[in-house]
2 protein chains.
Amino acid sequence: MGVYDITERDQTKGHYGYAMPILCNPTKITHHLGITYPIIQAGMVWVSGAKLAAASSEAGCLGVLGAGSLTGELLSQHIHKVQKLTKKPFAVNFPIMYHGTEQQVNLALQMGVKIFIMSAGSPKVYTKRIQQTGAQVWHVTSSPLLAKKCEDAGVDGVIVEGFEAGGHNGRDELTTLVLVPQVKKAVNLPVVAAGGIASGEQMLAAMALGADGVQIGSRFATTVESSAHEKFKQAIVAAAPSDTHLMMKKIAPVRLLKNHFYQQVLSLEQSNGSTEELLALLGKGRAKAGMHEGDLTEGELEIGQVSGMISDIPTVAELVTQIISQYEQVRTHLTTLKLD
Amino acid sequence: MGVYDITERDQTKGHYGYAMPILCNPTKITHHLGITYPIIQAGMVWVSGAKLAAASSEAGCLGVLGAGSLTGELLSQHIHKVQKLTKKPFAVNFPIMYHGTEQQVNLALQMGVKIFIMSAGSPKVYTKRIQQTGAQVWHVTSSPLLAKKCEDAGVDGVIVEGFEAGGHNGRDELTTLVLVPQVKKAVNLPVVAAGGIASGEQMLAAMALGADGVQIGSRFATTVESSAHEKFKQAIVAAAPSDTHLMMKKIAPVRLLKNHFYQQVLSLEQSNGSTEELLALLGKGRAKAGMHEGDLTEGELEIGQVSGMISDIPTVAELVTQIISQYEQVRTHLTTLKLD
């Protein structure tokens, strides 16, 4: 390659040019997880409690509890509540780097949780241990290289999140459109696409790229059953297409709504604020304050770029019906679009 | 909205939630432009000369000359050459903000160019004037709001570029997956999706989102007929998924390969370099040096994020055949994936 200085050599890049497209197989998701539709309702801090998870499972998706904000007694309370509200499969999402994850994982195993979605950390930490109990482990990742590491660690499947996703993102800024085909080529695992999916046409688009299923976050966050604060839901509904931004790359990239707190971060970043200054500004509790308690000014409002497409607050059942209907309309239409 | 401080109110956001998906109509592209496939080969500086444009048109797409780098006599020479090599429709792309665009547009009109693709500037500047001669005007844009302005200016169609696109990008960082459905809802015009499309499955995904056609850049840049330097083509072939980045947002956001020049820009940006310092570092002629003359170290190598998926250098004819074949395989497969 001569003087071309590349920062990363991705060993997964093969002869892609003339490759057959890798076709999706939704049964890899529906059969493997025991659900009706190849849709996972994303585990999100402050938003994904028992009501949302149970409603999502009842509607035929995989409901997911976001354990990152279910500290202390809350996790067992919410797991118990989901188990009362639905007999259908559900999962719990654990951000690995958070404090107390080990105890939370043990608790969930004791309570009979069968599907674990691990994120924000290495797939080597918990995968085998959880699988030895007979439970499944899916891992959230953001690049083909990291997906390969997940496969090496033995996960049941990967959830690949594009640049559009809300909350904490990977550093490569790969978009869902570009990421999914490359991950499908890199691993021989079920692949779920996440980031930027809020409608049936986007779900179908992800599956055209080869995704076996989709994970939907912001759209589920803006439902009746979501435990997001009503003001936060309204802010998402009001959001214009460009109202989110990926910030705080010095600490960890996070996508959030452009509110007053965002403006403060932006000013600090534009004046080359240090990591310490950024951490001090972030402080503690801003995500809870914004997303769960409705402080739209000082809160950290983590949500996806697709917010610009969200303009209502349906029930989960209404939403899933709508998504499947949109998916079917576009899928049927595609049968008329032969090109050769 | 209370204290929620939003930077932009997008009047195009309507009641999206329960909307019928807006279905694509490829004939809006093929009939309007007089081509076989709903594919535009992007006009790119230093890469899209007469050979590439003519080959793309002969292969059934819309070939496009990139006038931004065809200064002086070059533009008339290349237009003349395309007209000799093909009788099929072709277009010329003019970045409006470049020096000398007015003379170039007049020259193209005199030489009988019938399809103009305008970018990097306001659609109000040239649209009506060109259309009065009987030629078409398409405009490259990057947000639903800007697409609406294009419609108000009377363009024939819009090409909407996502965050993944190579070269100069819009400031909103909207990805193709999130951008296309919103633009389809905002305007009643033919919509062409661009950014992150290099394969038939990505083309089908864009059409599932509602795009009537696609514009493909980086993938065409890496063909035999492209006037990119051979070393640049090899660098794209070698590029890993994360080897491009959106830089120079203080001046104008541009996506480029991570080479030595990129490292210098990064260092300057990370130490909060001023706009003046960035402009001085950029200097003049770096894009030509890199993309056309093969200086991979100091050149500015503008290319799309999809480079990670490009691993060969086919002829245009081979490439188009492959894309259509991939498209058909996935389309046929999706017709079997009923979900309700």
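Biologist: What rotation superposes chain B on chain A?

Modeller: A rotation of 180°, with 0.0 Å of shift along its axis, superposes chain B on chain A at an RMSD of 0.1 Å. The superposition is by least squares on the C-alpha atoms of residues with pLDDT of at least 70 in both copies. The two copies are thus related as by a two-fold rotation axis.

Biologist: What should I know about the numbers before we go on?

Modeller: This is a predicted model, in which local features need pLDDT of at least 70 and side-chain atom pairs count only at pLDDT 80 or more, while totals for chains, interfaces and linings use all residues. Residues are numbered from 1 along each chain as its sequence is written, chains are lettered from A and ligands numbered from 1 in the order in which they are written, and side-chain values use heavy atoms, with hydrogens and water left out.

Biologist: Which residue of chain B comes closest to the rotation axis?

Modeller: That is B:Ala205, whose C-alpha is 2.0 Å from the axis.

Biologist: How much area do chain B and chain A bury between them?

Modeller: About 8,300 Å², 59% of it on carbon and sulfur atoms. Buried area is the accessible area (1.4 Å probe) that two parts lose on being put together, summed over both.

Biologist: How many salt bridges are there between chain B and chain A?

Modeller: The count is 0, where a salt bridge is a side-chain nitrogen of Lys or Arg within 4 Å of a carboxyl oxygen of Asp or Glu. Over all chains, the whole structure has 16 salt bridges.

Biologist: Give me one of those. Where does B:Glu102 pair up?

Modeller: B:Glu102 forms a salt bridge with B:Arg129, the closest N and O atoms being 2.7 Å apart. B:Glu102 lies in helix α4 (residues 101–110) and B:Arg129 in helix α5 (residues 127–131) of chain B, so the pair ties together parts that are 27 residues apart in sequence. Helices are DSSP runs (H or I, at least four residues), numbered from the N terminus.

Biologist: Switching to a single chain. What are the domains of chain A?

Modeller: Domain 1 covers 24–227 + 315–332 and domain 2 covers 230–307; the bounds come from an automatic or database domain assignment. Taken over C-alpha atoms, the centres of these two domains of chain A are 23 Å apart. Their contact takes 24 residues from domain 1 and 21 residues from domain 2.

Biologist: How much do those two domains of chain A bury?

Modeller: About 1,900 Å² between them, 60% of it on carbon and sulfur atoms.

Biologist: How many salt bridges cross that domain interface in chain A?

Modeller: The rule finds 1 salt bridge between domain 1 and domain 2 of chain A.

Biologist: Where does A:Lys249 find its salt-bridge partner?

Modeller: The side chain of A:Lys249 meets that of A:Glu173 in a salt bridge, at 2.7 Å from N to O.

Definitions and conventions:
Contact means heavy atoms within 4.5 Å. Helices (H or I, at least four residues) and strands (E, at least two) are DSSP runs, numbered from the N terminus.
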